[in-house]
Amino acid sequence: PLLPLLAALCHCGLADSPRPHRHDYCVLGAGPAGLQMGYFLERSGRDYIILERNQQPGSFFSIYPRHRRLISINKRFTGRQNREFNLRHDWNSLLSDRAGLLFTRVSAELYPPASSLQEYLAAFARELRLRVRYGTDIARVHRAARGGATFTLSDQEGQDYSCRVVLVATGLWVPQEVRFPGWEMVEGYESMPVDRNQFLGQAVLILGKGNSAFETAAHILPDTARVHLYSPSPVRLAWQTHYVGDLRAVNNELLDTYQLKSLDGLVEGALEQLAVVRDGQGRLYLTLAELLHHHGNSTAAKLGSSIPGHYHDNFSLRRPYDRILRCLGFKFNFSIFDRPPVAPVGRGKFPAVSGWYESVRSPGLFVIGAAAHSRDYRQSAGGFVHGFRYTGHSLPGALDTVGHSLRCWCPRYCRSLPAVLVPSILSVTLCPRECRSLSALVSVGHPLRCWCPRECRSPPAVLVPSPCGAGVLVSVGHPLRCWCPRECDPRLYYTIVLLSEQEMRLRPRGWPLPRPQAVHHMVEDFLTEWEGPVSHSQPLRRFLEHCLTSDLRTFYAAVPESCFRFTLTHRKPPLSCRQGYLKKQGLVGTEWLRRHAVEAGLMEDY
């Protein structure tokens, strides 16, 4: 009788602690990178499992991009029958042995909707019968203390998975945040409303200048009063930098309105130094954190002097906003790792990986897909589907070398640069001894370029003519940054005598107008409001007073048809102006002037 009881107790203990699922390879995430890796593992006959926390593949694209249009090109027709050539212009399809299993079959749009990518990924996993386990949210990844498995993965139900190799394909999905005083009043890209009616007539500030920021700006642009984009760095255009992750033309409508001097614009500044202050009417002001610390109070009612617009009438962000949105992109999720085996790099956005995408801290843990973009960030397309689908093609061969030493070699034409050859991987990592902190990623099949950035610490510079005729110093190897000197600002010229046509032809070279007696440069205003007394009105008045040798402070300039305007635009002002106005005795009273003064609140209506 004792033996059956013991057997029953053992059975209950096993039921309470389910046995771990054992696999050679565990892939975290059923997005494009995870499914692509699953296909290659399936084709090579490996023991693998893909663990996806949601009930469908590509769940990231069920939310993002928020306004539902992808920026990856879907070129259906190229005029060629070469499959590889066509894939070069198809940025969404994954690699497989089925010629018809392409993204072009689910969408005909050049920039397709995000739902089409979800549909394609579901078809890819279903038709290739990939081993995907849905509804499995891995909450913890740690190295096993004992046993044959290298890693132990635990899901939300307490079920464990023992894996010799872990391939993390979770992508970048944790929103990037910057903490500053008042950051809680900022709405995130992940939670902001997408209904344009909620932005009607509002002034909106967007933190960021990437595709998510410009995508949001383009969506709300027709319904807002003004949209400003704020970030530490200037906007980088993809067609200029040749990096597909920079701003794409499909999203840059705001650049048009900004360059044509409309109400929208771009501002540069450090996000960490900002502070957001809400006034009594619920409007949001931008100021500097150091001003808040100086006053020691966070309420707008007592911090009027801390708002830059209070003391500087040309401060770019002096007007209040109805909404401030955060669109700073995403970063890797480090929270599931015990004593993180993946060190953050790139301002904490990416995990640090070796040249063959293995964690620098934990052998056997590989990072693939968008999260492995630290290897070629801003240099290639390794963080996008049309890039990492090829790196995944050769990675299964490298996985066999886990725990084995790799062969080192040095090309004959690059003897000074020791290199590491990774078997079956499409790239060679060059680590120049002279530049140990830098590395270059060179594709196999292309000429091997040996270089050392150390020699370019003082890069050569070239002098290029700017559109304004002045020279601009530009560093070689950097995007061309062209600027206009003050001579390109709007100007007012004052000349006493107009030159003849012959004198105009003989004018000194470089003067588009006759040499004036005085020139007034109008200061640029970001908000297109030239009403500030310090920056605009007073300098203009002093220039006119200098030209006319007259005190203009007593001129009445509020009335549209005023004597001030007549004096500037007519050789002989009207009699009503000459009778008293020009003698500084005021205007001749009329019913129209009285009514205008009453409506303007300058006098009471008796």
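These legends walk through a few close-up views of the predicted model shown above.

The model is predicted, with local features requiring pLDDT of at least 70 and side-chain atom pairs counted only at pLDDT 80 or more, while totals for chains, interfaces and linings use all residues. Residues are numbered from 1 along each chain as its sequence is written, and side-chain values use heavy atoms, leaving out hydrogens and water.

**View 1. Helix H2 packs with helix H4.** Here you can follow H2 (residues 32-43) and H4 (residues 114-127), whose axes are 11 Å apart at an angle of about 20°. Helices are DSSP runs of H or I with at least four residues, strands are E runs of at least two, and both are numbered from the N terminus. Axes are lines fitted to C-alpha atoms, for helices over the stretch in contact, and angles run from 0 to 180 degrees between N-to-C directions. The two helices are therefore roughly parallel to each other (angles under 35 degrees). Look for Pro32, Leu35 and Tyr39 in H2, which meet Leu121, Phe124 and Ala125 in H4 (contact means heavy atoms within 4.5 Å). By class, this contact has 6 nonpolar, no polar and no charged residues (nonpolar: Ala, Val, Leu, Ile, Met, Phe, Trp, Tyr, Cys and Pro; charged: Asp, Glu, Lys and Arg; polar: the others, Gly among them).

**View 2. An open sheet holds 5 strands with parallel pairing.** Their order is S8-S14-S9-S10-S11, and two strands pair if DSSP finds at least two bridges between them. The edge strands, S8 (187-188) and S11 (265-268), each pair on one side only. S8 runs parallel to S14 (residues 323-326), joined by 2 bridges, and Gly188 stands opposite Arg326 in S14. Helix H5 (residues 211-220) lies across S9, S10, S11 and S14, running at about 175° to S10.

**View 3. Strands S25 and S26 pair in the antiparallel sense.** S25 (residues 491-494) and S26 share 4 bridges, and Tyr494 has Ala518 in S26 as its bridge partner. On S26 (residues 518-521), Ala518 and His520 form the covered face, whereas Val519 and His521 form the uncovered one.

**View 4. Asp525 sits in the loop between S26 and H12.** Asp525 is buried, with a relative accessible area of 1% (buried means under 20%, using a 1.4 Å probe and protein chains only). Asp525 touches Asp313, Asn314, Arg318, Trp530 and His536, not counting residues up to four places away in sequence. Ser316 is 209 residues from Asp525 in sequence, yet 7.4 Å away in space, C-alpha to C-alpha.

Definitions and conventions: Angles under 35 degrees count as roughly parallel, over 145 as roughly antiparallel, 65 to 115 as roughly perpendicular and the rest as oblique. Buried means under 20% relative accessible area, exposed over 50%, partly exposed in between (1.4 Å probe, protein chains only).
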